[in-house]
Amino acid sequence: MKAPVRVAVTGAAGQIGYALLFRIAAGDMLGPDQPVILHLLEITPALPALQGVVMELNDCAFPTLAGVVATDDLNVAFKDVDYALLVGARPRGPGMERKDLLEANGAIFGPQGKALNDHASRDVKVLVVGNPANTNALIAQQNAPDLDPGCFTAMVRLDHNRALSQLAEKTGAHTTDIKKMTIWGNHSSTQYPDLHHATVNGKAAMSLVDQTWYEADFIPTVQQRGAAIIKARGASSAASAASAAIDHMRTWAQGTAEGDWASMGIPSDGSYDIAPGVIYGYPVTVKDGKYTIVQGLAINAFSRARMDATEKELREERAGVEHLFAK
Ligand code: NAI
């Protein structure tokens with residue numbers, strides 16, 4: 001067994017938290033030889049519920065669970081953490097304007113960024129799941145001036161996995177037969193699931209499907225899958241979101257397979273003409289805990305228009321939260 005690492009999870013008593021913690025504790029995220037100490041953050045009124053979750057974690061007697069810290073104090077939650085999964089967020093309430101939503105989340109992710117800045121490991125890997133995930137990640141990053149900005153990422157992996165599942169169903173393949181799926185941009189309905197580089201059993205995905213299915217079926221289905229699940233389940237996706245968060249972190253820690261890549265929301269750096277300043281979904285390869293944007297992909301006019309539209313939305317979200325950035 002290796003020395004334990006510390007993994008913070010916020011919103012730990014919520015739906016996603018309940019689907020996530022047991023898998024992290026069981027070793028699904030970092031492997032069966034990597035013990036973890038969980039740092040669980042909740043708001044004060046949810047601490048009794050969180051205690052129940054801690055009791056259940058202990059009752060699982062997981063070989064890879066080396067300790068649990070449950071707290072409502074940011075400074076305790078992020079002390080020396082190597083990984084932070086920021087799940088807890090303010091959902092949009094009835095009649096809540098977008099501006100109010102961004103503001104309410106700023107009040108959560110600004111202080112969390114500062115606490116990570118002050119207390120976390122210097123190469124902490126931060127994944128923001130709580131929506132609006134890309135812009136919440138930007139707020140946290142902009143309040144953590146002493147950390148590498150690249151420590152802050154947002155989750156588009158659920159969209160990536162949804163795209164794999166739709167394409168597998170259409171082509172009669174298994175998701176593991178598909179390589180090089182890409183989600184560009186925002187984790188929202190403007191995201192662009194791009195099949196132009198994807199392969200199914202080594203064949204170009206676009207040679208196996210027609211443009212009408214791609215435009216009228218695949219893209220909207222992936223973009224609106226979250227809403228479809230809310231409609232069907234009466235609650236937002238939780239187990240699949242938790243599973244995608246595990247995938248994102250495992251890929252970041254353990255790397256991508258040869259000949260494949262993953263989609264991660266990461267700071268834009270000008271690649272593919274997306275100017276710096278937003279957290280944008282890109283195809284990445286990962287090695288030794290560092291991600292690198294896949295370069296040199298041909299972008300046609302159809303893709304360009306969609307990549308620009310999702311960037312535009314992210315710039316608008318950024319404009320609404322810039323006053324929350326540390327000076
Ligand atoms: P939930 O409402 O069941 O749980 C959220 C938990 O966060 C609650 O227990 C709440 O007490 C806690 N919380 C609120 N503010 C907090 C704070 N300041 N610090 C610590 N904890 C806090 O919600 P659920 O279903 O677990 O979803 C969580 C978030 O994940 C939502 O914002 C949701 O929209 C988002 N989400 C993101 C997805 C993605 O692909 N990026 C997919 C699905 C959900």
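I will cover the ligand, then the pocket around it.

This is a predicted model, where local features need pLDDT of at least 70, side-chain atom pairs count only at pLDDT 80 or more, and totals for chains, interfaces and linings use all residues. Residues are numbered from 1 along each chain as its sequence is written, and side-chain values use heavy atoms, with hydrogens and water left out.

How many residues surround the ligand? The count is 22, and the closest are Q15, I16, E42, V129 and N131. Here, near means a heavy atom within 4 Å.

Now the polar contacts, meaning pairs of N or O atoms within 3.5 Å. A side-chain N or O atom of E42 is 2.6 Å from a ligand oxygen. For N131, a polar side-chain atom lies 2.9 Å from a ligand oxygen. Q15 uses a polar backbone atom, 2.9 Å from an oxygen of the ligand.

Next, where does the ligand sit? In the largest pocket. A pocket is an open set of points on a 1 Å grid over the protein atoms alone, where a 1.4 Å probe fits, with protein on both sides within 12 Å along at least five of seven lines; lining residues have an atom within 4 Å of a point. To sit there, more than half of the molecule's atoms must lie within 2 Å of the grid points.

47 residues line this pocket. Nearest its centre are P91, V129, G130, N131 and P132.

Definitions and conventions:
Polar contact = N/O pair within 3.5 Å; in protein donor to acceptor, adjacent residues only side chain to side chain.
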